[in-house]
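Trainee: I am new to this structure and would be grateful for a guided introduction. May we look at it together?

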Amino acid sequence: MKPSINKAQVIKQSIDSKKNEIIHLLRVFVQAESTQGNERGAQSLVIETLQQMGLEVDVWEPDAKEITSHRYFASSRTEFRGSPNVVGVLKGTGGGRSIILNGHIDVVPAGDVTQWSDHPFSGVVKDGKMYGRGVTDMKGGNVALLLAIQAIQEANISLKGDVIFQSVIEEESGGTGTLAALLRGYKADAAIIPEPTNMKFFPKQQGSMWFKLHVKGLSAHGGTRYEGVSAIEKSMTVINHIKELEKIRNDRITDPLYQTIPIPIPINIGKIHGGDWPSSVPDLVTVEGRFGVSPEETIEEAKEEMKQWIRRLAEKDPWFEEFPVTLEWFGARWLPGSLDPNHSFMQLLGDKYIEVIGAPPVIEASPWGTDGGLLTEIGSIPTVVFGPGVTEKAHFPNEYIELEKVFSCAEVIAHTIIDWCGEEKA
């Protein structure tokens, strides 16, 4: 049901009146450095905010035994003491559809601080932008969710369906927080994840997973290197072979949602280690990378294609027949996710976007993985990734967000919640 003009005006006025308050809240969130293992301080601020809003608050640390035994668990750690998940529920009166508003509280490290104009966790505001690690990925989106709920409350709109706000840990490491929330029973009829999309809609998200390749050589003295076989030189053949697979996999993708993305599902080589002495021919090289997974394939199908492709190295160099490269999957993993762009939830969100912004949304596929894959794969929850952050600034020095987009995003989401969950008339 479309909100009346008066209700729309009240929501707009509520958001406008809260701008200074929300800027302060976002700054405090950014200043609470919430890198992996250090999420407690930022989550305490979330808890305090949810309690002030009168939501039902649930706080728990993921159970190590339960979470690590799940087939889709992926993290660099197996203990989560001091790293709580936080959920706040605005209960509906009943009879309406529910919605999950999912945002991650964890941020990546700041990196080389000398590349930042200001301290990475300052939350400084300049020319309508706030700067700081995590402000665009994705604390600005989280604050937009909270603002949307507050606007609905201030408009005295009673909803039929439940609104479930989630502040989760570990998204940057594979999604343990969202997985834990699903295992705790939090599911809904739809979900929004406000990752930094530049206000675009991402109904599809690529998945990804980390891999290691062990390339063997034959050690010899550097003075007679011709008597050995350099694993470093062999690894060059391996890397070029992988580049061929990347091209084959991406040439298959014809989905128009990917037309603006040069490489929809990249295979990135991120780390190489080999050799142990300058005067020795290296006999082992380890190559580590990230393998992109299409929304139209499963993790298992992608793994199998990589496995078979690595076996074909022997066709290029007989060395690999006697000393095959070994493939290992490890560490982080993000499931691919996909929602039909014609789904009713997408249509509703698009309508609300047009009402607020005055133009139709840009719809694309995500260039990176999100927790949306977990929500769609495990929870069977229609999920759209839509947020105010700047895609190109996530994980970069001088990360920033345009504050006006935080407010616009909140307004779109507020109207979407009202129509999706249903308004209980007095």
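Trainee: How many of the ten residues of strand E11 are buried?

Mentor: This is a predicted model, in which local features need pLDDT of at least 70, side-chain atom pairs count only at pLDDT 80 or more, and totals for chains, interfaces and linings use all residues. Residues are numbered from 1 along each chain as its sequence is written, and side-chain values use heavy atoms, with hydrogens and water left out. Strands (E, at least two residues) and helices (H or I, at least four) are DSSP runs numbered from the N terminus, and buried means under 20% relative accessible area, exposed over 50%, partly exposed in between (1.4 Å probe, protein chains only). Strand E11 covers residues 284-293 and is largely enclosed by the rest of the structure, because the buried residues number nine of the ten.

Trainee: Which strands stand at the edges of the open sheet of four strands?

Mentor: The sheet has antiparallel pairing and the order E10-E11-E9-E12; two strands pair if DSSP finds at least two bridges between them. Each edge strand has a single partner strand, so one side is left without a neighbour in the sheet; these are E10 (267-274) and E12 (326-334).

Trainee: What is the bridge partner of Trp210 in E12?

Mentor: Seven bridges join E9 (residues 207-216) to E12, while E9 and E11 pair over ten bridges. Trp210 stands opposite Arg290 in E11. In E12, the partner of Trp210 is Phe330.

Trainee: How many of the eight residues of helix H6 are buried?

Mentor: Helix H6 spans residues 176-183 and is mostly covered. Its buried residues include Thr176 and Leu182.
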